[in-house]
Amino acid sequence: VLISPCLALVFFSLINRIAPDVKGGWRAAHKKKRPKQVRREEVHNRIKSLFSGFFRYVLPPLLIVFIAYDPNFVSRWINIENLMLDEGYNLAAINEILSGKVLYKDLCYIYGPLTTYPAAILMKVFGTHIFVWRYYILGSSIAGLLVLFFSLFRFNLSSVGRWAAAILMTILYYPVFTSFTWVSLRVALGILAIAFYVESVNTQRFIPLFFSGFISSIALFYSQETGIAAIMTIGVYILLSMFGGFSPRTILFQASSYLLGILPPAVMVLVFFYLHHGLPEFIDGFFSGPQYFILGWGALPFPDFVRDLSLLLKGVSWDGWVQFVRSDVAFYFPAVLYLGLLCYYSIKIMHKEFSLGDFSCFTCLLFGIILFNSTLARSDEAHLIFVSAPAVILSLKIIDHLVRSRGGGRPHPLSVTIPLGALMVFGLFSLLTTDEARTKILAIKNRVTGRSPYVMEIPDIRFDQHGFEVLLTERAKG
């Protein structure tokens with residue numbers, strides 16, 4: 001980095017000394033070949049491209065950082081039930097690490113090692129204070145939002161679609177809670193791994209595929225669910241390439257390139273625990289957490305759509321319908337979306353109409369389906385929002401496709417466009433009406449208006465006696 005500009009300066013100084021008239025002659029010839037009108041057009045095009053690049057690549061990240069960075073995040077009190085339990089769980093693990101103990105060997109831990117060890121290193125540098133942990137959570141959340149935004153460029157969304165996705169992602173993953181559960185970087189690493197894999201398939205290059213494996217490995221040791229979903233998605237697609245006309249040599253090259261990217265982080269983590277005499281305990285504890293959740297440990301019941309709807313119809317009220325949309329509709333929207341797209345792409349594959357343009361959405365679909373198991377195991381709003389990124393991307397991709405088809409000369413029938421577009425908008429709206437999203441919208445409003453409550457505000461939730469309380473009572477009895 002330092003040598004290359006120095007060599008350039010030496011090169012140009014030598015050219016000026018050896019042939020001082022070359023530069024002036026080149027400029028004269030350059031002026032003759034470029035009339036003033038052509039140069040004005042070039043300047044205009046450059047200015048236009050600069051402004052386009054600014055609004056496309058620079059302005060959205062700046063707005064994301066400005067809105068998401070809340071200096072009061074680290075000192076705000078949180079007063080809703082036992083929310084601090086998750087934060088205390090991670091701080092207790094960091095405290096044990098700082099006292100010389102090893103995760104999984106000396107204490108039980110259900111998250112990945114890259115969750116706490118970086119925070120422990122930061123505390124060794126800046127001191128053992130809860131503020132260090134909260135700045136770590138805040139920085140990881142902002143980094144996750146930026147990674148999600150730049151990953152959107154690989155999914156062929158229009159500029160309006162990317163802006164809409166950036167707004168929705170900022171709302172859903174806005175850093176409000178001081179626990180690892182709500183960190184957007186968890187899902188962002190998986191989306192980034194998928195984006196690199198899509199880039200490698202589109203360009204047939206080795207480097208993006210290597211980076212896809214590298215990011216997948218980091219995601220695995222940062223958040224097991226996301227890493228497993230990314231590795232399974234890319235592995236399944238590499239296997240499906242056998243039926244797409246790819247030669248065994250090409251498939252072997254893709255698999256080996258991807259595994260080569262996975263190895264560096266994996267080897268570093270395994271060697272670390274081996275040197276600390278805790279490798280068997282790490283392997284057992286690392287995979288026990290997801291296994292226990294899938295088997296039902298600490299599980300929450302998934303909403304029963306038919307039963308809840310029938311109970312709601314017995315005592316119809318506006319508040320009851322609102323809560324029904326927040327709970328049942330929001331939880332079932334990603335599942336219905338994934339099921340519909342899976343049927344759609346299955347039909348395209350059977351009719352041999354699957355093209356390279358469908359590839360990015362199909363990989364995002366597989367990733368979303370596998371990641372959705374986290375919500376099936378822990379059916380609360382925190383995990384629903386956690387797995388909602390693929391659903392948001394696919395919904396906006398469908399809306400984007402419907403709008404482009406109207407202006408591209410090959411519009412879909414209105415009988416398809418209007419209901420499908422309305423369904424996507426309603427599904428995204430249901431995610432925004434959840435209590436967690438409403439809390440984050442209120443936090444964003446306070447951040448933009450400059451209001452900084454010392455205690456985090458939670459939207460007030462009340463229902464009339466004949467509304468959703470009947471549903472909750474019947475659900476508790478059943």
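What share of the contacts in the chain between residues at least 6 apart in sequence join residues at least 24 apart? The share is 76%, where contact means heavy atoms within 4.5 Å.

1. **Basis.** This is a predicted model, in which local features need pLDDT of at least 70 and side-chain atom pairs count only at pLDDT 80 or more, while totals for chains, interfaces and linings use all residues. Residues are numbered from 1 along each chain as its sequence is written, and side-chain values use heavy atoms, with hydrogens and water left out.

2. **Overall make-up.** The chain has 21 helices and zero strands. Both are DSSP runs numbered from the N terminus: helices are H or I with at least four residues, strands are E with at least two. Of the 478 residues, 45% count as buried. Buried means under 20% relative accessible area, exposed means over 50%, and partly exposed is in between (1.4 Å probe, protein chains only).

3. **Core.** The largest nonpolar core holds 112 residues. Such a core is a set of buried Ala, Val, Leu, Ile, Met, Phe, Trp, Tyr and Cys residues joined through side-chain atoms within 4.5 Å. Tyr173 and Leu337 have the most contacts inside the core. Helix H8 (residues 185-203) gives the most to this core, with eleven residues. Leaving out residues up to four places away in sequence, Leu337 touches Ala391, Leu394, Ser395, Ile398 and Met424.

4. **H6 against H8.** The axes of helix H6 (residues 130-151) and H8 come within 8 Å and cross at roughly 25°. Axes are lines fitted to C-alpha atoms, for helices over the stretch in contact, and angles run from 0 to 180 degrees between N-to-C directions. H6 and H8 are therefore roughly parallel to each other. The angle classes are: under 35 degrees roughly parallel, over 145 roughly antiparallel, 65 to 115 roughly perpendicular, and the rest oblique. The crossing of H6 and H8 is left-handed; that label applies if the near helix is turned anticlockwise from the far one by less than a right angle, and right-handed applies if clockwise. On the H6 side, the contact is made by Ser140, Ala143, Gly144, Val147, Leu148 and Ser151. H8 brings Leu185, Ala188, Ile191, Leu192 and Ala195. By class, this contact of H6 with H8 has eight nonpolar, three polar and no charged residues. Here Ala, Val, Leu, Ile, Met, Phe, Trp, Tyr, Cys and Pro count as nonpolar, Asp, Glu, Lys and Arg as charged, and the others, Gly among them, as polar.

5. **H7 against H18.** Helix H7 (residues 159-172) and helix H18 (residues 389-407) have axes that come within 10 Å and cross at roughly 155°. That makes H7 roughly antiparallel to H18. The crossing of H7 and H18 is right-handed. From H7, the contact takes in Gly161, Ala164, Ala165, Leu168, Met169 and Leu172. From H18 come Ala389, Val392, Ile393 and Leu396. The contact of H7 with H18 divides into nine nonpolar, one polar and no charged residues.

6. **Positive phi.** Two residues other than glycine deserve a look. Phi of Tyr104 is near 70°, a positive value. Tyr104 is found in the loop between helix H4 (84-98) and helix H5 (113-126). Tyr104 is buried, at 8% relative accessible area. Phi of His277 is near 60°, also a positive value. His277 sits in the loop between helix H11 (248-275) and helix H12 (279-295). His277 is exposed, with a relative accessible area of 63%.

7. **Ile110.** This residue lies in the loop between H4 and H5. Ile110 is buried, with a relative accessible area of 17%. Neighbours within four places in sequence aside, Ile110 is in contact with Tyr89, Gln224, Gly289 and Phe293.

8. **Two aspartates.** Is Asp70 buried or exposed? At 9% relative accessibility, Asp70 counts as buried. Asp70 is placed in the loop between helix H3 (36-68) and H4. Not counting residues up to four places away in sequence, Asp70 touches Arg76, Leu138, Tyr174 and Arg447. Asp435 lies in helix H20 (residues 435-449). Asp435 is buried, with a relative accessible area of 19%. Asp435 and Ser327 are 9.1 Å apart in space, C-alpha to C-alpha, and 108 residues apart in sequence.
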